Amino acid sequence: MNLRRLAAVAKKECLHILRDPRSLYISIALPMMLLLLYGYALTLDVDRVPMVIWDQSETTESRELISRFTGSRYFTAQSFVSSYKEIEHSIDTRQALAALIIPTEFAQLLGGGEPTPVQLIVDGTDANTATLALGYAQVVALIYSQEIILQKVRQLRGQVLTVPLDVRARAWFNPDLESKNYIIPGLIAVIMMVISALLTSLTVAREWETGTMEQLISTPVKGPELITGKLIPYIFLGLLDVLLAVLMGEYLFHVPLRGNVALLFTMATVFLAGSMSLGMMISIVTKSQMVASQAAIVVTFLPSFLLSGFIFAISNMPTVIQWGTYLIPARYFITLLKGIYLKGIGLEVLALEAVLLVLFGVIVVLLANYKFKRKLV
Amino acid sequence: MSAIRAEGLTKRFGDVTAVDQLSLEVAEGEIFGLVGPDGAGKTTTMRLLTGIMDASSGDGWVFGRSVIRESEAIKDDIGYMSQRFGLYHDLTVLENIRFYADIYGVPRRQCEQKIDELLELSNLAPFKDRRAGNLSGGMKQKLGLSCALIHTPRVLFLDEPTNGVDPLYRREFWRILYQLQRQKVTVFVSTAYLDEAERCFRVGFLHEGKLIACDTPANIKKLLNGQVLELRFSNARQAAALLREDRPESSVGLFGDRVHMLTQDPERDLNQARSVVAKSHLELLSSRVIDPGLEDVFISVLKKDAGGTHAFE
């Protein structure tokens, strides 16, 4: 490896990037846009489920139950209705995702100590939201029932009873269970995977297409000098992206960054080197910018999105697919990012992921060099 | 030792043989022209001899080193300019030259001096900060040449360097080539222009992948069996068509407003031509016997290949 040639290639590639508004757009604006878009849109929290209420009872007791629902952050009263027809309309038009129906005899039954039916309807077309809404509703109802029982016991016996089991649940690292806290770090990994492979997928193919490669291969420049020289400026560009993403996470999404920032950027460098070499390899094999950019997106986006543990837990996948996830570098980077971001842990725990990430990078760099032939066919 | 040598060099693409058993030798300090129509195999020959493409069989040598087994070793000795502009449009003239200086590892002490020399040679100094993409066709070619010369190669391979370039630049380009030749640089240039071929020391004529003639322009012209009759008509294009129709076996070429006819007996053929065109009310304005040009030779060669009379002895 001749350093002067390496520097010459890196410098030339820098000039290409700086002088091509399109590549700057892909490398800076696109990832920021994606992060904003997904960061805000991709929330798995079920908050303030819009609910319509049909209060047939219209008593103090029924109003108390309603306030239990609307007072929690999980439900908001969309409107009060007085027929099933209206409920159906609200759910059909998606004005409401849930409906609460309190029967006429609610207060009497409750007062008489009878089991008191209350109906809850949810829009099952969105199974995820429906499940969560049902869960929340049951908790709200349970707490209310519990209070009523305790109150009755106190009235009858004149003594204060306590609930025998007192479960005090704590969600470590993400006490409010906010999905953005684990989505944003994962999102950074997924976006960087796609963008970095996309960026480098154009470089070698462009030289074949414009004919500059024919000139280059007539010179003494070696494959590794060319590939490494091309990678260097793109890795810096990628790190700039990571920096911007981390800043957005901090100031826009308020995701806590508890771990070591230096470790985060070191791992990002390793990850970028691997994913950019992957893009480079695609470019080398296809020799066409069009095909290479398409292939880069297909190869990186879906696997990183679906099989990396970004949203869907790898442990829930069929065993064969679980094995497949080891081939996806985003898997390691997401574990690293979530660990550094939320748990504040370092290499003492994440060593395996770090090693596998390095291994991926090394293999892809070697493959890219092997695939690059300085010959016309 | 010859600068370039090829022995049975062959390149096949599937069923197509682009270069067929090509053998030639180019002496050091020579300007050698590879001529032939489009698709004759000129570019493939260039690529094989520069070692950027592997031959199917045969071998070539640049200063005694095999272009197949030692393709890396020859790279410092050769400068290559591909047919397509192979430089970076978004880099300036100077940035392109500096890039190649770094790639070839031109010693830094000599680098600036060499760049100045090349800018002067190519008259590109006033444009050194202009982006290559904004240069005219002729200037682009001179920039390509400068980049190929930055490491002072012993052999220069130029693939149709003047294709699509205006005549003024072509003349300037050739002035530069002669200047290089005086510095003992061997030039291997391909061209489809036969007036350029006349400027070469020796010429190889490539047709359908085969080298069918290889000699000095003067000797190649001697191969022509017969004399060339140059005729001017009131309508040269129509006259040429009529003459071809009248004598399908003979070689008739159209050169601008003149018609060239290869003949064994100028007097007889002149009379016959006159009578042929008279039927169509065309007028023969003038006629004379001229020295054959390379184009006459090649037209007759192609004619022979298509099954006409044998122009070559």
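How many bridges join strand β7 (residues 155–159) of chain B to strand β8 (residues 186–191) of chain B? The answer is 5 bridges, and the two strands run parallel. Please keep in mind that this is a predicted model.

## The sheet in chain B

These two strands belong to an open sheet of 6 strands in chain B, in the order β6-β7-β8-β3-β9-β10, with mixed pairing. β6 (78–81) and β10 of chain B stand at the edges; each has a single partner strand, so one side of each is left without a neighbour in the sheet. On average, neighbouring strands here are turned by 15° against each other, direction ignored.

For a closer look at the pairing, find L158(B), which stands opposite V189(B) in β8(B).

## Helices on the sheet

Helix α1 (residues 42–49) of chain B packs on the sheet, where it touches β3 (31–35), β7, β8 and β9 of chain B. The direction of this helix makes about 150° with that of β7(B). Another helix to find is α4 (residues 137–149) of chain B, which lies across β6 and β7 of chain B and runs at about 160° to β6(B).

In soluble globular proteins, nonpolar side chains tend to be buried together. Here, the largest nonpolar core has 144 residues, of which F333(A), V187(B) and F188(B) touch the most other members. Helix α7 (residues 179–201) of chain A gives this core its largest share, 15 residues.

Leaving aside neighbours within four places in sequence, F188(B) is in contact with I4(B), V26(B), F32(B), L34(B), V155(B), L156(B) and F157(B). Another core, of 22 residues, lies apart from the largest one; A96(A), L100(A), F106(A) and L110(A) are among its members.

## Two domains in chain B

Chain B is divided into domain 1 (4–218) and domain 2 (223–305). Their C-alpha centres lie 36 Å apart, and the contact takes 8 residues from each of the two domains. On the side of domain 1 that touches domain 2, the elements giving two or more residues are α6 (194–197), β9 (202–207) and β10 (210–215) of chain B. The residues of that side divide into 6 nonpolar, 1 polar and 1 charged.

## Where the chains meet

Between the chains, 20 residues of chain A are in contact with 22 residues of chain B. On the chain A side, α1 (3–19) and α9 (212–216) each supply at least two residues, and α1(A) provides the largest share, 7 residues. That side divides into 6 nonpolar, 7 polar and 7 charged residues.

Conventions: Residues are numbered from 1 along each chain as its sequence is written. Chains are lettered from A and ligands numbered from 1 in the order in which they are written. This is a predicted model: local features need pLDDT of at least 70, side-chain atom pairs count only at pLDDT 80 or more; totals for chains, interfaces and linings use all residues. Domain bounds come from an automatic or database domain assignment. Two residues are in contact if their C-beta atoms, placed from the backbone, lie within 7 Å. Helices (H or I, at least four residues) and strands (E, at least two) are DSSP runs, numbered from the N terminus. Ala, Val, Leu, Ile, Met, Phe, Trp, Tyr, Cys and Pro count as nonpolar, Asp, Glu, Lys and Arg as charged, and the others, Gly among them, as polar. A nonpolar core is a set of buried Ala, Val, Leu, Ile, Met, Phe, Trp, Tyr and Cys residues joined through C-beta atoms within 7 Å. A residue is buried if 20 or more other C-beta atoms lie within 10 Å of its own, exposed if 12 or fewer, and partly exposed in between; C-beta atoms are placed from the backbone. Two strands pair if DSSP finds at least two bridges between them. Axes are lines fitted to C-alpha atoms, for helices over the stretch in contact, and angles run from 0 to 180 degrees between N-to-C directions.
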